[in-house]
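Please examine the sequence and the model displayed here before reading the explanation.

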Amino acid sequence: MRAKMVHDCVHVLDRDKSIAFYEKAFGLHVLGRKGPEDGSWEIIFMGNDESDFQLELTWNRGRVEPYNNGGDDTHLAFAVDDMEAARKLHEEMGCVCYVNEAMGIYFVEDPDGCWREVVPMK
């Protein structure tokens, strides 16, 4: 058997705010959307040309309580080609939540409290 990772899902309270965050922070764009005609929920797939792996944002109309998308150790990592530029952008966005200088990595927090690891591209 073979298996290929295709996406990671995060439940979001404000889909527009989350889409804007991932567009600005990591250069992702909306690849597709699906949901029922009544608009009670929507799944938004985001990605970019660097990988065919996608981020799935799941939104449910009327939800106001924060989701439990896992703890700080449950995260998605983004490899960037310019750590200095990425960190500057993320600091300007005010989303850097943890820095590990010894390992040369840091984490950002998205609008729903999910930590995203930023690592140098190898």
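This is a predicted model: local features need pLDDT of at least 70, side-chain atom pairs count only at pLDDT 80 or more; totals for chains, interfaces and linings use all residues.

Residues are numbered from 1 along each chain as its sequence is written, and side-chain values use heavy atoms, with hydrogens and water left out.

An open sheet of four strands runs in the order S5-S8-S7-S6 with mixed pairing; strands (E, at least two residues) and helices (H or I, at least four) are DSSP runs numbered from the N terminus, and two strands pair if DSSP finds at least two bridges between them. S5 and S6 (96-100) form the edges, each pairing on one side only. S6 and S7 are antiparallel over four bridges, and Tyr98 has Phe107 in S7 as its bridge partner. Helix H2 (residues 83-93) packs on the sheet, touching S5, S6, S7 and S8 (115-120), where contact means heavy atoms within 4.5 Å.

The largest nonpolar core has 22 residues, among which Tyr22, Phe26 and Leu57 touch the most other members. Such a core is a set of buried Ala, Val, Leu, Ile, Met, Phe, Trp, Tyr and Cys residues joined through side-chain atoms within 4.5 Å; buried means under 20% relative accessible area, with a 1.4 Å probe and protein chains only. H1 gives the most to this core, with five residues.

Val108 lies in strand S7 and counts as buried because its relative accessibility is 0%. Beyond four places in sequence, Val108 touches residues including Phe21, Phe26, His90 and Trp115.

Notes
Buried means under 20% relative accessible area, exposed over 50%, partly exposed in between (1.4 Å probe, protein chains only). Axes are lines fitted to C-alpha atoms, for helices over the stretch in contact, and angles run from 0 to 180 degrees between N-to-C directions.
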